[in-house]
Amino acid sequence: MASRQSSVSSKSSSEGSEIAPAKGKLGVMIPGMGAVATTFVAGVEAVRKGLAQPIGSLTQMGTIRLGKRTDARSPQIKDFVPLTKLNDLVFTGWDIFEDDMYSAASKAGVLEQELLSKVKPFLKSVKPMKAVFDHEYIRNIDGPNKKKGKSKMDLAEQVREDIRSFRKSSKADRLIMVWCASTEAFLKPNDIHGSIEKFEKALTKSDPKIAPSMIYAYAALKEGVPFANGAPNLTVDIPAMLELSREMEAPICGKDYKTGQTLMKTILAPGFKARLLGMSGWFSTNILGNRDGEVLDDPASFKTKEESKLSVLEYILQPELYPELYGNICHKVKINYYPPRGDNKEGWDNIDIFGWLGYPMQIKVDFLCRDSILAAPIVLDLVLLLDLAQRTSSLKGLGIQEWLSFYFKSPMTVPGLYPEHDLFIQLMKLKNTLRHLKGEDLITHLGLEYYD
Ligand SMILES: NC(=O)c1ccc[n+]([C@@H]2O[C@H](COP(=O)([O-])OP(=O)(O)OC[C@H]3O[C@@H](n4cnc5c(N)ncnc54)[C@H](O)[C@@H]3O)[C@@H](O)[C@H]2O)c1
């Protein structure tokens with residue numbers, strides 16, 4: 001009986017989608033060759049050489065259950081949908097510093113020299129192209145490797161030329177752009193972001209409300225290249241980019257990789273809510289000493305990050321539905337730049353909760369995490385899944401790929417739709433999307449049929 005099945009067929013699900021095969025090479029173009037980007041690229045090469053495991057990557061290690069629990073069908077995700085093989089990835093990037101990926105990785109200090117030395121020739125071959133940079137948007141750092149242009153439109157043309165040259169020189173069949181550059185200063189959506197036409201006019205006039213990340217994204221989408229935004233900047237989260245993404249059938253997703261403290265928040269908060277435990281406050285503070293921390297030491301960049309980190313709890317706990325439990329939460333987030341720790345961040349959380357009859361309790365979390373180690377597998381998965389989206393008939397023209405929310409602190413959605421922040425709902429959405437694409441039944445966990 002269909003209504004008593006824990007896996008549900010829908011018409012479109014049973015038909016599946018057309019997915020083009022992952023033929024040839026996939027070129028990965030990365031604005032920002034810092035800690036995250038180099039940990040990702042060095043890691044891919046280390047895995048290719050059999051030196052390490054791609055731990056944390058759903059596309060490399062994850063499985064997906066199909067059909068009933070008694071069917072015993074749980075293939076690996078990479079065998080279930082056609083993903084590009086790691087051996088077919090080629091890389092390039094842009095940065096304001098001239099360091100190749102080996103020097104940049106050495107300076108970032110995330111990976112040990114012993115591992116880096118084994119992938120040195122490969123990392124040395126990835127050299128940064130000249131960046132589009134505006135000191136107004138990133139105030140705490142500056143470097144020599146920058147493009148010069150008559151206007152922001154001219155800079156966008158130069159990035160488009162970089163994309164075309166890389167497509168040729170790398171012989172890549174398909175390309176993806178993934179933002180791993182520093183967090184830009186806070187920017188509110190403005191009228192000039194409202195349509196492609198307005199945005200292009202503003203580019204020609206070098207409007208100050210166009211950030212460098214938007215110039216890269218515009219260039220990518222114009223070239224038909226999907227764009228993932230790993231930082232909390234607005235970037236592709238504006239109507240003009242959504243319009244362009246749909247028009248060019250170049251998918252987009254963002255914002256801000258979900259690692260560290262926010263990952264913990266979206267793991268813990270759904271649990272408290274599931275048990276209807278109330279919450280009066282959540283205080284989060286961090287120390288980190290990498291370049292990301294240095295950039296976030298500027299209040300304008302921190303404001304962008306803060307907005308991204310703060311929104312999570314409200315969406316998960318839904319205070320409008322549970323005013324007695326979550327209607328009055330004091331939520332604070334602090335980031336302290338503390339150089340001695342480098343990339344090894346320490347995040348403390350103090351959570352004030354209350355239970356039966358309102359009796360208060362406290363939970364303390366001390367997460368000694370490694371930011372870029374948590375971020376690198378996210379970058380890999382996004383690259384492979386965004387490429388899958390572009391090869392899939394039912395996804396490529398949608399614009400925002402909300403099914404990739406799993407990877408982001410501030411998942412993008414179409415205007416008017418609230419984002420899903422609960423990590424477990426996000427994972428279910430991602431896996432059900434893959435099942436849907438392949439014409440498999442969706443999994444609801446109803447399970448009554450086992451007792452018929
Ligand atoms: N590490 C994490 O866990 C994590 C999580 C979520 C988001 N992020 C975001 O990812 C981004 C990268 O983090 P990271 O730790 O690698 O930082 P990083 O400072 O090590 O690297 C960023 C690099 O971007 C370069 N850059 C700045 N502006 C640029 C521009 N306009 N064009 C090209 N390059 C530019 C910088 O020179 C730097 O090398 C940051 O925005 C960060 O907030 C990181």
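## Ligand shell and the two domains

Because domain 1 (2–257 + 373–443) and domain 2 (260–368) both contribute residues to the shell around the ligand, the shell lies between them; the domain bounds come from an automatic or database domain assignment. This is a predicted model, in which local features need pLDDT of at least 70 and side-chain atom pairs count only at pLDDT 80 or more, while totals for chains, interfaces and linings use all residues. Residues are numbered from 1 along each chain as its sequence is written.

The ligand is surrounded by 37 residues, the closest of which are Gly32, Gly34, Ala231, Arg291 and Asp371; a residue counts as near a molecule or strand if its C-beta atom, placed from the backbone, lies within 6 Å of it. At least two residues of this shell are supplied by each of helix H2 (35–48), strand S3 (89–95), helix H13 (291–296) and helix H16 (371–390), and the largest share, 4 residues, comes from H16. Helices (H or I, at least four residues) and strands (E, at least two) are DSSP runs, numbered from the N terminus. By class, the shell around the ligand divides into 22 nonpolar, 10 polar and 5 charged residues, where Ala, Val, Leu, Ile, Met, Phe, Trp, Tyr, Cys and Pro count as nonpolar, Asp, Glu, Lys and Arg as charged, and the others, Gly among them, as polar.

## Contact between the domains

The C-alpha centres of domain 1 and domain 2 lie 26 Å apart, and 27 residues of domain 1 are in contact with 28 residues of domain 2, two residues being in contact if their C-beta atoms, placed from the backbone, lie within 7 Å. The side of domain 1 that touches domain 2 has 13 nonpolar, 8 polar and 6 charged residues.

## Helices H2 and H16

H2 and H16, which each supply at least two residues of the ligand shell, have axes that come within 8 Å and cross at roughly 65°. That angle makes H2 roughly perpendicular to H16, given that angles under 35 degrees count as roughly parallel, over 145 as roughly antiparallel, 65 to 115 as roughly perpendicular and the rest as oblique. The axes are lines fitted to C-alpha atoms, for helices over the stretch in contact, and angles run from 0 to 180 degrees between N-to-C directions.

H2 passes H16 in a right-handed crossing; a crossing is right-handed if the near helix is turned clockwise from the far one by less than a right angle, and left-handed if anticlockwise. In this contact Ala35, Val36, Thr39, Phe40, Gly43 and Val44 of H2 meet Ser372, Ile373, Ala375, Ala376, Val379 and Leu380 of H16, and the residues comprise 9 nonpolar, 3 polar and no charged ones.

## Helices H12 and H14

Helix H12 (residues 260–274) packs with helix H14 (residues 299–317) at an angle of about 20°, their axes lying 10 Å apart, which makes H12 roughly parallel to H14. H12 passes H14 in a right-handed crossing. On the H12 side, Thr262, Lys265, Thr266, Ala269, Pro270 and Lys273 meet Lys309, Val312, Leu313, Ile316 and Leu317 in H14, giving a contact with 6 nonpolar, 2 polar and 3 charged residues.

## Helices H8 and H10

For helix H8 (residues 152–170) and helix H10 (residues 212–222), the axes come within 8 Å and cross at roughly 50°, which makes H8 oblique to H10. This crossing of H8 past H10 is right-handed. Among the residues in contact are Leu155, Val159 and Ile163 of H8 with Ile215, Tyr216 and Tyr218 of H10, and the contact of H8 with H10 divides into 9 nonpolar, no polar and 3 charged residues.

## Backbone details

Most residues other than glycine have a negative phi, and most peptide bonds are trans. The peptide bond from Gly254 to Lys255, however, is cis, with omega near -10°, and Lys255 lies in the loop between strand S7 (252–253) and H12. Gln318, although not a glycine, has a positive phi of about 50°, and Gln318 is found in the loop between H14 and helix H15 (323–326).
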